[in-house]
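Here are my notes for anyone opening this structure for the first time. Have a look at it, then read through the points below.

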Amino acid sequence: MPQRPLRSGLAARIERWGTKTMTAASPLLEVKGVTLQYKTKEHLVTATYRVDFQVYKSDRFVILGPSGCGKSTLLKGVGGYLQPSEGSMRLNGEVIKKPGSDRVFVFQEFDQLLPWKTVKQNVMFALTSSGKFKGRAAEDKAIQYIEKVNLIKFADSFPHTLSGGMKQRVAIARGMAMEPDVLLMDEPFAALDALTRRKMQEELLQLWDDTHFTVLFVTHSILEAVLIGNRILLLSPHPGRVKAELNSDGKDNVGADGRKLSDRIHDMLFADQIEERVTPHG
Amino acid sequence: MADNVLVQRPEFVREIEISAYGVVEKPLTTWEKIFNNTAVRKGLLLLMLATIWQVYSTVLDNPLLFPKFSDTVSAFYDNLMNGVLLQRSWFSIKVLLMGYAAGLLLAGALTSFAISTRIGNDLLETLTAMFNPLPAIALLPLALIWFGLGNGSLVFVLIHSVLWPVALNTHSGFMSVSQTMRMVGRNYGLAGPRYVAKILIPAAFPNILTGMKIGWAFAWRTLIAAELVFGVSSGSGGLGWFIYENKNQLEIANVFAGLFSVIIIGLFVENFIFRNIELKTVRKWGMQS
C-alpha cells in the first residue's frame, strides 16, 4: 500500500493554488462527447464514439491509436470538414462549423503542396488566400518561416524538385506561417524513410522550443507519440473511444510501476487486440 | 543448429582507394551527339520521303495525277510570294479562332455548371455521351439550313467539334483533383469561383490542356472539310476552298501546295504553340513528364 507523503502547509497550499490555476485556464480546444460518422457506398461507419479531450495552449497533443480508431477522422472533425452527429467541438469557446485558417492542416500526402507554385509562393498562397497578409508583408512572413525550416536556398524551387522530407518541411512552414490557434498534423512523417522521419521529429521539437505553437498530432507510432507529445490520447479501435490520456516528457522514462511509457502504451493497445479476437465485432 | 543451415564467412571492411579506376565520364563522339538529336533523325526521314516522291513522280511523269516534289515546292513558293496562300490561311485561321474561342467559353460554362450541381453533372455527361461521337461535318447540312452559306455555319460546326472534347477533359480533370488538394484549398478559406480559379483549374490543367489540343485538332480538320464542301459562298474562301478551286482548274501542284500549308499550320500549332505552353506550365510544375 502506498503511503501518503507528508506535506508542509505551504507546499499543500502551493499545490492547491497550482491546481486552481490549472482548472482556471480554459482549454483552447474542447471536444465533448463527440461521435463522428461518415457514409461509404454501403455502410454508415461510426469512426469515433463519445470522445472527450481538451487541448490547452502550447500543448503538443498526440492522438494515438491503431488503424481504424478514427484518429484521422477526429482530426478532420476538428478541421471542420466533418460535423459530429453527437457532442460538440469548441475552439476558444466557439463551435467549429467549417474549415478555417485558425486551424491549419499538415497532411501526410506530398500533394498538399500546390505543384504550380514555388516553395515561397506556396507559403504566400496560404497567407494571401486567407486574407491574413498581402503583398510585401506576405512575402516577408513566408521568407521568415521558410528560413525557420532551413529551406531558404530552395525558396524559388518547385515542389517536384524537392525530396519528401523537404516537401513536408515546406508544408510545416506554410502551416506555421499562418500562426494558427492550433496546427493539425495528420501523420505528417508517415510517408518518410526512417532516418528522415527521425530528423523531422527532432526539427519539429526544435521549432516548438522556438515558438511554443499548439499542435494536435495524429500518429499510429507509439515511439513517435512518446517523443513528440507532452500529452497522449490513446484511442481504442472500431469505433474510436478514449482509452487513456497520458503525460510524456519525451524521454520514455520508467514510470512508477517500473515500466517504460512506450511499453505501457503497447500493452494497452495489445490488450485491445486480444479482446477483439475473443469478441469479434460484426 | 543454425550452423548447419548458414554458410559461415569472415567479415571484412575495405579502404576505398581513390583514382584506382579508369574513366567515369567520357564525352560522346560528334556523330553520336548528332544522331541523338531527334530533329536531325526526323529531318533525315523527311529528306528520304521527299527523294522517293521525286523519283516516283519523275518515273510516272503524269503531273495531273501526281506532280513532282520540285513542282509542288515551287507552286508553294509562288503562292506564298503572291500572297494568295497567306490570305487564304489567314481567312481560315480567323474563322477557326472565332469558333475555338466560342467553344472554349461554352465548355468552361458547361463544366462550371457540372461541378457545382448534380443535375449539371448529369447534363454534361449525357450531352458529351450523345454529341462527342457525332462528327461535326455531319451537322453541316443542318447548319446550312439554320445559318446559311457563310461564317455562321462554319463557327457552328467548329463549336461543336471543340466543345465536347474540351468539356469532357476539363470535367474529368476536375474530378481527379486529389482530396488533399481540395482540403488544402478549403483550409485557407477558398470557396466558390476563387476555389475553382486557384485550385481546380491549375490542378486540372494537364487534362484541360489535353482537351484543348484535341479540340484544336478536331476544329482544324472540321474547318478544312467544311470549306471543301461550301467554300463558294464569298469571294475570299479559306484553305479548303483554295484546294477545291485548284482541283477544279486541274492545278494539281497547287492542290498539293494547299495540303502542304494545312500540314505546316497544324504542325506549327501542335509543336510550337502547345509545346511551349506545356513547357511553361505542366512540365515546369512536374505534373507531366
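1. How many bridges join strand E4 (residues 86–91) of chain A to E5(A)? Two bridges join them, and the strands run antiparallel. Within this pair, Arg90(A) stands opposite Val95(A) of E5(A). Helices (H or I, at least four residues) and strands (E, at least two) are DSSP runs, numbered from the N terminus, and two strands pair if DSSP finds at least two bridges between them.

2. Before going further, some housekeeping. This is a predicted model, where local features need pLDDT of at least 70, side-chain atom pairs count only at pLDDT 80 or more, and totals for chains, interfaces and linings use all residues. Residues are numbered from 1 along each chain as its sequence is written, while chains are lettered from A and ligands numbered from 1 in the order in which they are written.

3. Back to the sheet with E4 and E5. This open sheet of four strands in chain A has the order E2-E1-E4-E5, with antiparallel pairing. Strand E2 (44–55) and strand E5 (94–95) of chain A are at the edges with a single partner strand each, so one side of each has no neighbour in the sheet. Helix H2 (residues 71–79) of chain A packs on this sheet and touches strand E1 (29–39), E2 and E4 of chain A. The direction of H2 makes about 115° with that of E1(A). Contact here goes by C-beta atoms, placed from the backbone, that lie within 7 Å. Axes are lines fitted to C-alpha atoms, for helices over the stretch in contact, and angles run from 0 to 180 degrees between N-to-C directions.

4. Chain A also has an open sheet of six strands, in the order E6-E7-E8-E3-E9-E10, and here the pairing is mixed. At its edges are strand E6 (103–106) and E10 of chain A, each with a single partner strand, so one side of each is left without a neighbour in the sheet. On average, neighbouring strands of this sheet are turned by 20° against each other, direction ignored. Helix H5 (residues 164–177) of chain A packs on the sheet, touching E6 and strand E7 (182–186) of chain A, and its direction makes about 180° with that of E6(A).

5. Look at the E10 end of that sheet next. Strand E9 (residues 231–236) and strand E10 (residues 241–247) of chain A run antiparallel and are joined by six bridges. Leu233(A) has Glu245(A) as its bridge partner, and Leu234(A) stands opposite Ala244(A). E9(A) and E10(A) form a hairpin with four residues between them, and His238(A) in the turn has a positive phi of about 55°.

6. Now for helix packing in chain A. The axes of helix H3 (residues 119–129) and helix H4 (residues 135–148) of chain A come within 9 Å and cross at roughly 125°. That makes H3(A) oblique to H4(A); angles under 35 degrees count as roughly parallel, over 145 as roughly antiparallel, 65 to 115 as roughly perpendicular and the rest as oblique. The residues of this contact divide into nine nonpolar, one polar and three charged. For these classes, Ala, Val, Leu, Ile, Met, Phe, Trp, Tyr, Cys and Pro count as nonpolar, Asp, Glu, Lys and Arg as charged, and the others, Gly among them, as polar.

7. H3(A) also packs with H5(A), at an angle of about 30° and with the axes 9 Å apart. That makes H3(A) roughly parallel to H5(A). On the H3(A) side are Val119(A), Asn122(A), Val123(A), Ala126(A) and Leu127(A), which meet Val170(A), Ala173(A), Arg174(A) and Ala177(A) in H5(A). By class, the contact has seven nonpolar, one polar and one charged residues.

8. Over in chain B, helix H5 (residues 84–116) and helix H11 (residues 205–230) pack at about 135°, with their axes 10 Å apart. That makes H5(B) oblique to H11(B). Among the contact residues are Gly99(B) and Gly103(B) of H5(B), and Trp216(B) and Trp220(B) of H11(B).

9. Lastly, how do the chains meet? In all, 16 residues of chain B are in contact with 18 residues of chain A. Helix H9 (179–187) and helix H10 (192–203) are the elements of chain B that give two or more residues to its side, and H9(B) gives the largest share, six residues. That side has eight nonpolar, five polar and three charged residues.

Key:
Contact = placed C-beta atoms within 7 Å.
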